[in-house]
Amino acid sequence: MSVHLFGVRHHGPGCARSLLAALERLEPDIVLVEGPPDAHDALPLMMREAMQTPVALLIYAPDQPQRAVYYPFTAFSPEWQALRYAFGRGIPARFMDLPQAIQLAREPEPPQGGEAATPDADHNHKHEQQPDIAADAQAAPALTVIPEKEAPPPLNEHEALVAQAIAHDDPIGMLSAAAGYSDSEAWWEIQIEQRRDASDIFEGILEAMTELRSDLTPRNDEEAQREAHMRQTIRAAIREGYTRIAVVCGAWHAPALASVEITPLPQRRGGAEVGADEATLKGLKRVKVEATWIPWTNSRLSYRSGYGAGIFSPGWYEHLWTAPDRISIRWLTLAAHKLRAEGMDTSSASVIEAVRLAEALAAMRELPMPGLPELHEATQTVLCNGNEAPMQLIREKLEIGERMGEVPPETPAVPLQRDLEAQMRKLRLKFSGEIEKPDLDLRKPNDREKSQLFHRLTLLGIPWAKPSYGSRGMGTFHEYWETKWEPEYHIKLVEANIWGNTVTLAANAYAKHAADERTELPQLTALLDRVILAELPDALEHLLDRVQTSAAVTSDVQRLMEALPPLAQVTRYGDVRETKSERILPVIDALFERAIIGLPGACSSLDDDAARAMIESMNQAQTSLNILQREDYHATWRATLRGLMERDGIHGLVRGRCCRMLLEQHMLDDEELQRLARLALGGANPIEQAAAWIEGVVFGQGIILLHQDGLWRALDRWLSELDGEAFVAVLPLLRRAFSGFEGPERRQMGDKVRHLRGGDGTTAPSGKARDETLNRERADAVLPVLAQILGVDYHAN
């Protein structure tokens, strides 16, 4: 009868290799692994050929899917190798951690409508929680006199490293600091992951951890319960008569499991420790949970993702696991392939030089072989010619990698996921952890079905595909997307399954529910646009009824104008999506007519904030009219803008914006614009309102303003007539008005004003009188040369 403890680090290739060798020597009759017993029924699937790492066990509460945890595994995870060893030899294998049915039961209730649990909420493979030092500290009572103490001597570098590791509750950091290493990752990699002689390695790990946990006191209730359950599982295996028990657990827990009393007699269940463990686990609340396998990605294994038990470079650790020999040569060859794929010139001679440099750096640092830091430096120095930019590619594509695992088709899944997988097979799509950029032509049936699927999933809150606007934009029959599958989308599929067992049914049901929940008209029309893009006829009819009902009772002019853009977008789709425009156009007519009637009254007596909100709504209405391209709408809108522009009691910002809108539609000439500017900037108007008018006029592209001489003369005259105090007051307002322009545009505007002035600093006259400023003698001297260039005869008068 023997219990053998193997303390490992999660996702360590050296640990995994040493563990396999130890298991081969031991030949256990049962293997116990730190992991969730709730997933026991899913374990046999890991032996299927279609199961390709990295993968993760997903455990969730079916009634509240957002309460979920993930247990990632990859080929070089010691637990993965231990389980495969057991199943491959027909040996019983069990998980022994505290069930997630208990751990999820103590989770706080999620907020209504809250987000799903993040994929990094991993209770098994995370670092232990740090103790709350602040909570343990006792505040000194008031007026207590504390005697001064002599300041302690400063710590040397080694003592500082040890103190830092203790403060952060980092056992690996404490061991590496004791060995004189500033980087705990480098120490662990050299001592464990790169080790080829694995004899007695687990005895050494157990001894080191025993020293760190000399009193074996759990740091919190969760750790106490987990270790108690592990000990109870070991005792159960002993009572069942197993004689060579292999226990694979996190190195930190190994000392706490070493105290289990070894006895083959089922009747011997007494003892203080047994009673304490039973008391610790007694009465713990449980919830119903389900477990399945899902694909995972290398990037989710890294520290970058926030994963508690993450590793710095999953791709490097996978290389350590798979490369049988010549690790440095193989690694740098892979780096060269990645760089060549991006068009960089990387020769075989450069690879040889990089290998030599890495080995030289390892020798200088007294290392047995080059590690990732040495290979990283060699890659940047030789293969990248010292440039840092290509190293980001090496980091993303090689050191981390974006490879996504696969699970067998028979893996348990909700019906919605099965339907999605069937549609993806039909449309020749696949789950991928890398960014892909499909280009869809909606005139092709297959591409149109892809677009429908993307929009329906987005509607369900599964943003696998995101529109890629860029410089190409989204046309009425052309769409550009970016797709990247994230592991947490599996939980979102479970959550969305409540709406239906297929993507179409779920999207229809959710859209109807969302339509009933929304009360604001702009929200309804925005949802209508999304439903039409997703091509959901049932939801569309329901949503059109809701829009018409809401439009009939909405009196807020801003809401009416904000509701127009989505409806205008709908009319652009035409026959490509078989949009029922005859149902949409009457709604647009009614909204536009009511907005026009109510706009003058809504624009009266606005403060600054209300005026800004109003012009935002007016901008949306203008955008809608530009899409619709209906002359009757444009005529009515222009007449309304003219009325607002010259009406008393309208905020200067609104009047200026109306002026700019008409100017962009070429409805104002230079003379009329100058007249309006003089009225707006006249002495009868407060300075703040005049500055607001300027801000409204200049909002937008600057090129159109450069051709409005009358506007610049009026602005120049207004500023020139301000006294010093008024000028100082208005200057910040003007700076804000012109702050939206780029530097070149502002310089051209300055040149424009300077050229409009005469030599004596006064404004130059307009019309033909401007010709008097020309130097005709110098101009005549240029004409013969210009005529010769053009090939024409020139006879000077």
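# Group meeting: a walk through the predicted model

Hi everyone. Let me start with confidence: in this chain it is highest in strand β2, residues 30–33, at 96, and lowest in helix α4, residues 133–136, where the mean is 28. Keep in mind that what we are looking at is a predicted model. Residues 109–159 have a pLDDT below 50, and beyond near neighbours in sequence that stretch has 72 contacts in the model. There is another stretch of this kind, residues 765–772, where pLDDT stays under 50 and the model has 5 contacts beyond four places in sequence. For the chain, the average pLDDT is 80, and 83% of the residues score at least 70.

The chain has 797 residues, and 49% of them are buried. Its secondary structure comes to 34 helices and 10 strands. If you take the contacts between residues at least 6 apart in sequence, 74% of them join residues at least 24 apart. The chain exposes about 39500 Å², with carbon and sulfur atoms supplying 52% of that.

Helix α16 runs over residues 389–400, so to speak a 12-residue helix, and from its first C-alpha to its last it reaches 16 Å, close to the 16 Å expected at 1.5 Å a residue. Which residues of α16 are buried? They are P390, M391, L393, I394, R395, L398, E399 and I400. And what do those buried residues pack against? Three helices: α12 (314–322), α13 (327–341) and α15 (372–383). After α16 comes G401, with a positive phi near 85°.

Helix α18 is mostly covered, with 11 of its 15 residues buried. If you like to follow along on the screen, the buried ones are D447, R448, K450, S451, Q452, L453, F454, H455, R456, L457 and L459. Just after α18, G461 takes a positive phi of about 80°.

On to salt bridges. The structure holds 35 of them, and I picked a few to show you. In one, the side chains of E410 and R48 meet, at 2.1 Å from N to O. Where do these two partners sit? E410 is in the loop between α16 and α17 (415–426), while R48 is in the loop between β2 and β3 (55–61), so this pair ties together parts that are 362 residues apart in sequence.

Next, have a look at R630. R630 forms a salt bridge with D589, and their closest N and O atoms are 3.2 Å apart. R630 lies in the loop between α26 (608–628) and α27 (631–645), and D589 is in helix α25, residues 581–602, so the pair ties together parts that are 41 residues apart in sequence. R630 is partly exposed, with a relative accessible area of 26%, and D589 also counts as partly exposed, at 30%. R630 has a salt bridge with D632 too, at 3.1 Å from N to O. D632 is partly exposed, at 43% relative accessibility. Elsewhere, salt bridges that share partners join R300, K484, E486 and E488 into one network.

One last stop: I91. You'll find I91 in the loop between α2 (78–88) and β5 (93–95). Is I91 buried or exposed? I91 has a relative accessible area of 13%, and buried means under 20%, so I91 counts as buried. Leaving aside neighbours within four places in sequence, its contacts are P28, D29, I30, V31, Y85 and A86. As for E27, its C-alpha is separated from that of I91 by 9.5 Å, and the two residues are 64 apart along the chain.

Conventions
Residues numbered from 1 in each chain as written. Heavy atoms only, no water. Helix = DSSP H or I, 4+ residues; strand = E, 2+ residues; numbered from the N terminus. Expected span 1.5 Å × (residues − 1). Buried < 20%, exposed > 50% of the residue type's maximum accessible area, 1.4 Å probe, protein only. Contact = heavy atoms within 4.5 Å. pLDDT = per-residue confidence, 0-100. Salt bridge = Lys/Arg side-chain N within 4 Å of Asp/Glu carboxyl O. Areas by Shrake-Rupley, 256 points an atom, 1.4 Å probe, with all protein chains shown as cover.
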